[in-house]
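Here are my notes on the model, as numbered points. Please read them with the structure open.

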Amino acid sequence: MNFLGYRRSDGRVGIRNKVLILPASVCAADTARIVASQVQETVTFHNQNGCSQVPSDMELTMDVMAGFAANPNIYGTIVISLGCEGCQMDLVVEAIQKRTNKPLRQFIIQEEGGTISTAEKAVRAAREMVQEASLLKREEFPVSELILGTECGGSDMTSGLASNPLIGHTCDKLVDLGGTAVLSETTEFIGAEHILARRGRTPEIQARIYDIVHRYEAALKLVGEDPRGGNPSPGNIAGGLTTLEEKSLGCIHKGGHRPVEEVYDYAKQMEPGKGLVIMDTPGNDPSSVAGMVAGGAQIVVFSTGRGTPTGNPVAPVIKITANPLTYGKMKDNIDVDASVLLDHPEEMEAVASALLSEVVGTANGKLTKSEALGFYEMAIARVCNYV
Amino acid sequence: MKATVIDEKDNVAVVLGAVKAGEEITWVKGGAPFTAPALRDVPVYHKIATAQIPKGQPVVKYGEHIGIAAEDIQVGDYVHVHNVLNNREEL
């Protein structure tokens, strides 16, 4: 099975062809917004971080910035920094160049003489870069080049019953074709990590699955939270969930049935052709999606029960619900109605094939509803408060 | 009332509507249709047993163990916190 994509100079294959206007910190975010607003085919996002962060938090921010620049959906990047932030321009440029050799320009607001002088130069550079990008033609590539992120949010009973298993079957199909599927949301593994760990290909991968869960729990305990206590909640039990294992399996099931071949830390660069992999991300939707996209996922499938608007600046997000009432109310935001699976679970294989076709169609250039509406929700995971 | 079997290894199914005791429940497992009367009232999206689960044996959903039977569970019986125990398994 093939799709039409853009070959990058670093060998990776993208499904969009945008220029990223990358703010290195919160202090550069508005200047970046002004630049992006002047040039078609650019994308940017509000970077809340990049300064006043402890080293472990700064690493998360750097990895998301470098990962977005390296994501193959991006033709090239224009970095804009203030000048005095923690994420210094040379550090950001070095982090990007460790991941990719794609086109890169940089502007420092305090050196250029303020926002307007910076914007003048950066708009010109962006205009040049999008024109270069526009010369590229889509070429045919096997789906083994795709890294597919998975996410669930605004869940209800139909998520665990139908839409997460649907995503799981779709991941199985992609993995069997040589592609990569990413299971995320470490907080949702808690209680079923022993079941997930059994699926690790090697003892080292099994140990890593335990490690990321225990690390997350330890971080939550520092602020007095116990994710196992009171779980499943009375509301979960009233909804039909009997044990924490059952609740967590409903989420984990969107990774499908194949062995886990790798465990990546948040926003670290993933390799194509790996099979099923895990990334350590929060359950929080925008920051989990951002981590996978920074890791190189060109596309994300997202199941929802209640209906959410989630998009991403760099990668299209295909949203799915199996709740027919939600699809009826939220079809402006949700791409795929999978509610046929509630009454006809035997249709799973056919619906999963259709979802894989939707993934390929989106890779070929079909806009998702969140792309058409310009939804660029964005968050970067954090370990602790600002300093 | 229809019930959904998520994985062929499962011994429970999720009912797609509220069920009254005695009402016929139908499900498909491994391509074959099954039917059994509900032994009790079951709320929508809760579970019924699709196989006998002897006391102490695992309750299986998503192809994995979600707990163990606290008592002998019959086909068509309501499966929930009243007859399932948490049983944390380590590798």
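1. A term first: the expected span of a helix is 1.5 Å times one less than its number of residues. Keep in mind that this is a predicted model.

2. Helix 6 of chain A covers residues 157–176. Its 20 residues reach 28 Å from the first C-alpha to the last, close to the expected 28 Å. The helix has a kink of about 35 degrees at S163(A), shortly before the proline P165(A).

3. Is helix 6 of chain A mostly covered or mostly uncovered? Mostly covered: 17 of its 20 residues are buried. After the helix comes G178(A), with a positive phi near 95 degrees.

4. The largest nonpolar core counts 63 residues. L166(A) is among those with the most contacts inside it, as are F3(A), F189(A), I209(A), I278(A) and I320(A). Helix 14 of chain A (residues 348–364) gives the most to this core, eight residues.

5. Leaving out residues up to four places away in sequence, L166(A) touches I320(A), A338(A), L341(A), M348(A), V351(A), A352(A) and L355(A). Another core lies apart from the largest one. It has 35 residues, including M65(A), F302(A), M378(A) and I380(A).

6. Now chain B. Three strands form an open sheet there, in the order 6-7-9, with antiparallel pairing. Strand 6 (58–61) and strand 9 (84–85) are the edges, each pairing on one side only.

7. Strand 6 of chain B pairs with strand 7 (residues 64–69) of chain B over four bridges. K61(B) stands opposite E64(B) of strand 7. Helix 10 (residues 244–252) of chain A packs on this sheet and touches both strand 6 and strand 7 of chain B.

Conventions. Residues numbered from 1 in each chain as written. Chains lettered and ligands numbered in written order. Predicted model: local features only at pLDDT ≥ 70, side-chain atom pairs only at ≥ 80, totals over all residues. Heavy atoms only, no water. Pairing = 2+ DSSP bridges. Helix = DSSP H or I, 4+ residues; strand = E, 2+ residues; numbered from the N terminus. Contact = heavy atoms within 4.5 Å. Axes fitted to C-alpha atoms, helices over the stretch in contact; angles between N-to-C directions. Bend = angle between axes of the 7 residues up to and from the residue. Buried < 20%, exposed > 50% of the residue type's maximum accessible area, 1.4 Å probe, protein only. Core = buried A, V, L, I, M, F, W, Y, C linked by side-chain atoms within 4.5 Å.
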